[in-house]
Amino acid sequence: MKRLRLPLLLFVTFRLMMLATFLPQDLARFGDYPYYYSLARFSDDSYLPFIHYWSEHLPLFPFISIAIYHLSRLVSGGSYEAYVYLFGGMMVAFDAGSLWLFLRLARRLWGEERALQLGWTYSMLFVPLIFCWWTFEGMTAFFILLALVLLVEGHERGSAVVVGLGTMTKLVPLLILPAVVCTRPPRRWLSYALVVGVVVVAIAGPLLWVGGPYAVASFRSIVARGSYETIWALIDGNLGTGLLGAATDHFDLAKATAPTGNPARLPEWLKAGLFGLLYLFVFLRADPRDSPRRLVAFVCLVLVIFFLWSKGWSPQWQVFLFPLILLSLPYRRGLLFVLALSAVNLAEWPVLLGRGLNEWLWVTVPVRTGLFVLLAVELWRMVRG
């Protein structure tokens, strides 16, 4: 593993130099840091998410953001600049952890030479770099990769705990569960699911108890949003993004579950049924057992199908998709998918949508959807029995 430390060192050094050089306003210009900062500042008046106002983010991130904000108060009175530097430093740490886990998985799946090649490749990707300064999705990537490393190395209980923590950051890590069910006997996957459930309840339960309607509204808001930046959004006539209202809107319970944009034209039960059948087919026909490489490819396939089903799409989700693509597919094919998706999604945001050219969603969304379909086909070839 000594040879794999060099890309990690340069990866961290490059990001820290960038963090130290750029002004915070430029670094986070097209991102959500200002929005996170506005929400965290409510804690100055002792207002907390899930307790005094609803949150569209699951619990782990908002409370970490508040902790970062209060640390910035100790450093410089709570300025936005200090918040960006501290938050960005934390995200560098998460991204460095993700790269280390990525290298560890790559070495186990493909050998040291391929791991070194993948490490340099991932270090040079532009998309994970910019979203380090724009969102918190590096946390999601970290939890997914850590859960997979622990699962592949036989530490199932630890992996389940990580999935539970990741689920309280974003629901996506739950998609590891089908892989566990496919590769473990009932007693072991039931135990795994139980541990995940215990962690989730241990975090969500007290918030529901203390926060009452605000906590309920927070969890309901996750599924109540309208469609955006997907093929389903185009069908519905929605050309907006996933951005919600102002930070102060979070004190209004009604806005937590008020869908944005036009209502769905295709019934959700029909779409869920069709994709449920697709998931069932994949689950019954795939064979990821006895092969860590196929297990990771199976998780990636489940994730891509989720993206095709989801009524919303956020470009930052690429941060936890790209490592799985590179780990699952032959090198050149995986890199081609990563670069193609990067180009399409960067064109969408910030190049087009950042300039108000929302009508171009009629181009970028079908192209991205087509790439996802092709990617799903490639991944299916890797995992089918």
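Biologist: Rings of Phe, Tyr and Trp count as a pair if their centres lie within 6.5 Å, the six-membered ring being the one used for Trp. With that settled, which residues form one aromatic cluster?

Modeller: This is a predicted model, so what follows describes a prediction. One aromatic cluster brings together Tyr 33, Tyr 36, Tyr 37, Phe 61, Tyr 69, Tyr 80, Tyr 83, Phe 87 and Phe 136.

Biologist: And how many aromatic pairs does the structure hold?

Modeller: There are 33 aromatic pairs in the structure. One of them joins Tyr 37 and Tyr 80 in an edge-to-face arrangement, with 5.3 Å from centre to centre and 70° between the planes.

Biologist: Where in the chain do Tyr 37 and Tyr 80 sit?

Modeller: Tyr 37 belongs to helix 3, residues 33–40, and Tyr 80 to helix 5. The two are 43 residues apart, and the pair links distant parts of the chain.

Biologist: Are they buried or exposed?

Modeller: Tyr 37 counts as buried because its relative accessibility is 10%, and the cut-off for buried is under 20%. Tyr 80 is also buried, with a relative accessible area of 16%.

Biologist: What about Tyr 47 and Phe 251?

Modeller: Those two form an edge-to-face aromatic pair, with 5.3 Å between the ring centres and 70° between the planes. Tyr 47 lies in the loop between helix 3 and helix 4 (60–76), while Phe 251 lies in the loop between helix 13 (231–236) and helix 14 (253–256), so the pair ties together parts that are 204 residues apart in sequence. Tyr 47 is partly exposed at 35% relative accessible area, and Phe 251 is partly exposed at 29%.

Biologist: Back to helix 3. At what angle do helix 3 and helix 4 pack?

Modeller: The angle is about 80°, and the axes of helix 3 and helix 4 are 9 Å apart. That makes the two helices roughly perpendicular. On the helix 3 side, Tyr 36, Tyr 37 and Ala 40 make the contact; on the helix 4 side, Phe 61, Ser 65, Ile 66 and Tyr 69 do. By class, this contact of helix 3 with helix 4 has 6 nonpolar residues, 1 polar and no charged. Tyr 36, Tyr 37, Phe 61 and Tyr 69 are also members of the aromatic cluster.

Biologist: Helix 5 came up as well. How does helix 5 pack with helix 17?

Modeller: Helix 5 covers residues 80–110 and helix 17 covers residues 318–328; their axes are 10 Å apart, at an angle of about 20°.

Biologist: Why are they called roughly parallel?

Modeller: Angles under 35 degrees count as roughly parallel, and helix 5 and helix 17 are therefore described that way. Their crossing is right-handed.

Biologist: How do helix 16 and helix 19 cross?

Modeller: Helix 16 (residues 292–309) and helix 19 (residues 361–383) cross at roughly 150°, and their axes come within 9 Å. They are therefore roughly antiparallel, and helix 16 passes helix 19 in a left-handed crossing. Residues in this contact include Arg 294, Phe 298 and Leu 301 in helix 16, and Thr 369, Phe 372 and Trp 380 in helix 19. The contact of helix 16 with helix 19 divides into 15 nonpolar, 1 polar and 1 charged.

Biologist: A change of topic: the backbone. Which peptide bond is cis?

Modeller: The bond from Trp 349 to Pro 350 is cis, with omega near 15°. Pro 350 is in helix 18, residues 331–352. Most peptide bonds are trans, and most residues other than glycine have a negative phi.

Biologist: What is phi for Ser 46 and for Glu 229?

Modeller: Ser 46 has a positive phi, near 65°, and Glu 229 has a positive phi of about 55°. Ser 46 is in the loop between helix 3 and helix 4, and Glu 229 is in the loop between helix 12 and helix 13. Ser 46 counts as exposed at 52% relative accessibility, whereas Glu 229 counts as buried at 5%.

Notes. Residues numbered from 1 in each chain as written. Predicted model: local features only at pLDDT ≥ 70, side-chain atom pairs only at ≥ 80, totals over all residues. Heavy atoms only, no water. Axes fitted to C-alpha atoms, helices over the stretch in contact; angles between N-to-C directions. Helix = DSSP H or I, 4+ residues; strand = E, 2+ residues; numbered from the N terminus. Parallel < 35°, antiparallel > 145°, perpendicular 65-115°, else oblique. Left-handed = near helix turned anticlockwise from the far one by under 90°. Phe/Tyr/Trp six-rings, centres within 6.5 Å; stacked < 30°, edge-to-face > 60°. Buried < 20%, exposed > 50% of the residue type's maximum accessible area, 1.4 Å probe, protein only. Contact = heavy atoms within 4.5 Å. Nonpolar A, V, L, I, M, F, W, Y, C, P; charged D, E, K, R; others polar.
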